[in-house]
Amino acid sequence: MSESIYAELRERISSLKSKGVTPGLAVVLVGDDPASEVYVRMKGKKCEELGMHSVTVAMPGDATQADLLKKIGELNGDGSIHGFLVQLPLPPHIDEKTVINAIDPKKDVDCFHPVNVGKMLIGEPEFLPATPAGVQQMLVRSGVETKGKHVVVVGRSNIVGKPMAAMMMQKGDGADSTVTVVHSRTRDLPSVTRLADILIVAMGKANFVTADMVKEGAVVIDVGTNRVDDPGSPKGSKLVGDVDFEVVKGKASAISPVPGGVGPMTICMLMANAVSAAERAAGTR
């Protein structure tokens, strides 16, 4: 599914290059978190495949907050970088909120800055956060009707749950839904998830959603990525989602796998945000 979006992006990138503009995306990585390093490499590889300008800024784990803010200031002023992000999580001595607020909203391709969150909430987005946008595109491009449907979002994080709920209640394609959000403090959570026509799960708990929590024929989107022990694997572990895929797939009318479902769409939509930022900077959007 992401390939059809990449094909569209290649056309937009080609058009920008014909005007002398090469979309530029930078990623700032502080420290050596293994999962973050893998994700950053995947972003850089995809930029190269698309013919975009890619920069990775690697900073040591003991870099100060002042060091990081200085680098953000440099990227804000760099005309060859149209969008950038600071890879999370950050070391504990660096304040995440201060860092996010320092990013120029016009270059905030993660859509974490309060200005962009606010614009998204009122239905006038500059960017959409990559993972929720990927979920929405999966629904649209799979032909899943969302208008008037009951969407239940499991999880209330700032990265997925909250923006996902906000996006699905907007007017327009892939939205116009009635939205309920459930979380760790919800009473009798399964009774609510069973009401969902579309169940979007971002709880961060391996195999949390089981068959008894899903309505027959529901569409299930699994956003979770959890590494669990697997003695039969060469690595001794494997990736699973927040949904118990094997027991739920027989009940759902459609279900996204982990890995290989939402993950690739997240990187795809990040690239789309970077291209949109370049188009705005070039005055073509």
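**Figure legends: the predicted model and two close-up views**

**Figure 1. Overall fold of the chain.** The secondary structure of the chain comprises 10 helices and 10 strands. Its radius of gyration is 19 Å, close to the 19 Å given by the globule rule for 285 residues, so the chain is as compact as a globular protein of that length. The model shown is predicted. Along the principal axes, the C-alpha trace extends over about 50 × 40 × 35 Å. Buried positions make up 46% of the 285 residues. Among contacts in the chain with a separation of 6 or more, 69% are between residues 24 or more positions apart.

**Figure 2. The β-α-β unit formed by β1, helix α2 and β2.** Strand β1 (residues 24–30) and strand β2 (residues 53–59) run parallel and are joined by seven bridges. Within this pairing, alanine 26 is positioned opposite valine 55 of β2. Together with helix α2 (residues 34–50), β1 and β2 make a β-α-β unit that is right-handed.

Figure 3. Valine 151 belongs to strand β4, which covers residues 150–154. The relative accessible area of valine 151 is 0%, and the residue is therefore buried, the limit being under 20%. Leaving aside residues up to four places away in sequence, valine 151 touches Met168, Ile198 and Ile200, together with Ser177, Thr178, Val179 and Thr180. Cysteine 111 is 40 residues from valine 151 in sequence, and the C-alpha to C-alpha distance between the two is 22 Å.

Note on methods. Residues are numbered from 1 along each chain as its sequence is written. This is a predicted model: local features need pLDDT of at least 70, side-chain atom pairs count only at pLDDT 80 or more; totals for chains, interfaces and linings use all residues. Side-chain values use heavy atoms; hydrogens and water are left out. Two strands pair if DSSP finds at least two bridges between them. Helices (H or I, at least four residues) and strands (E, at least two) are DSSP runs, numbered from the N terminus. A crossover is right-handed if, with the strands pointing away from the viewer, the path from the first strand over the helix to the second runs clockwise. The radius of gyration is taken over C-alpha atoms; the globule rule is 2.2 Å times the number of residues to the power 0.38. Buried means under 20% relative accessible area, exposed over 50%, partly exposed in between (1.4 Å probe, protein chains only). Contact means heavy atoms within 4.5 Å.
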